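Here is a short briefing on one predicted model.

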Amino acid sequence: MGARGYYAFAARALSAAGFVVVVADYRLVPRVEYPRFLDDCALALEWTIGNIGTYGGDQQRIAVLGHSAGAYNAIMTILRSRVSGDNIRAMAGLSGPYDFYPFDGPISLRVFGAVGEPKATQPINLVREGLPPAFLAHGDLDDLVMPRNTVALAERLRIAGNVVVEKHYAGVTHPGTLLQLGAWGRRGAVYDDLVAFLTAHV
């Protein structure tokens, strides 16, 4: 469920920090099955590279980011990317699922249970050297997507020689990492850390 309009507050907060922001929709299950929603994200990234100059952005200084399922999509879009690595300067995931095989929950079973190569759906299994710097954040009170997902991906990225900023936030729940980007005008440590990371790399 969800639509890009839900996240306008995050776009406004990042725009206020000086970034040109694109928020993309993608088709949802059960309208489509894996990996069609990732294909949609790849098309959105390609559109951004081709068109962002019209809006004052720089096609060679792009970052991708997302929260929860969006974090999975953002990271997987880079791991499966067909676009030039010269364009993508950074990637960021907030409270994302990156290491959840074998599938044991109703959501993961519904989305990924029929996939022929289930291990290929896991970001930790697609890590390679030469990826853009990553910002990975999780709240320690997240009981929907366990913080071990961020720990596992950060470790795998480091082993492959990639730059990683890994942050864990005390007292923050699953939606909390997103809400700290500026919901109701309130910005927290996640916003500060993310903006600092993006400023350094983008």
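**Sheet and charge pairs in brief**

Strands E3 and E4 run parallel and are joined by 6 bridges. (Strands are DSSP runs of E, at least two residues; helices are DSSP runs of H or I, at least four; both are numbered from the N terminus.) His138 has His168 in E4 as its bridge partner.

Residues are numbered from 1 along each chain as its sequence is written, and side-chain values use heavy atoms, with hydrogens and water left out.

**The sheet**

- The sheet is open and holds 4 strands in the order E1-E2-E3-E4, with parallel pairing. Two strands pair if DSSP finds at least two bridges between them.
- Strands E1 (62-67) and E4 (164-169) are at the edges with a single partner strand each, so one side of each has no neighbour in the sheet.
- On average, neighbouring strands of this sheet are turned by 10° against each other, direction ignored. Axes are lines fitted to C-alpha atoms, for helices over the stretch in contact; angles run from 0 to 180 degrees between N-to-C directions.
- Strand E2 (residues 88-94) runs parallel to E3 (residues 134-139), and 4 bridges join them.
- Leu94 stands opposite Ala137 in E3.
- Helix H5 (residues 148-159) lies across E2, E3 and E4. The helix runs at about 160° to E4.

**Salt bridges**

- Side chains of opposite charge can pair when their charged atoms come close.
- The whole structure has 6 salt bridges. Each is a side-chain nitrogen of Lys or Arg within 4 Å of a carboxyl oxygen of Asp or Glu.
- Asp25 pairs with Arg4, with the closest N and O atoms 3.8 Å apart. This pair links distant parts of the chain, 21 residues apart: Asp25 sits in the loop between H1 (8-16) and H2 (36-51), Arg4 in the segment before H1.
- Asp25 is partly exposed at 41% relative accessible area, and Arg4 is partly exposed at 47%. The cut-offs are under 20% for buried, over 50% for exposed and in between for partly exposed (1.4 Å probe, protein chains only).
- Asp39 pairs with Arg36, the closest N and O atoms being 3.0 Å apart. Both lie in helix H2, 3 residues apart, about one turn of the helix.
- Asp39 is buried at 18%, whereas Arg36 is partly exposed at 43%.
- A salt-bridge network links Arg36, Asp39 and Arg80.
- Glu166 pairs with Arg158, with 2.9 Å between the closest N and O atoms. Glu166 is partly exposed at 24%, as is Arg158 at 40%.

**The Ser68 site**

- Ser68 is in the loop between E1 and helix H3 (69-79). Its relative accessibility of 16% counts as buried.
- Leaving aside neighbours within four places in sequence, Ser68 is in contact (heavy atoms within 4.5 Å) with Leu94, Ser95, Gly96, Pro97, Val145 and His174.

Key:
Predicted model: local features only at pLDDT ≥ 70, side-chain atom pairs only at ≥ 80, totals over all residues.
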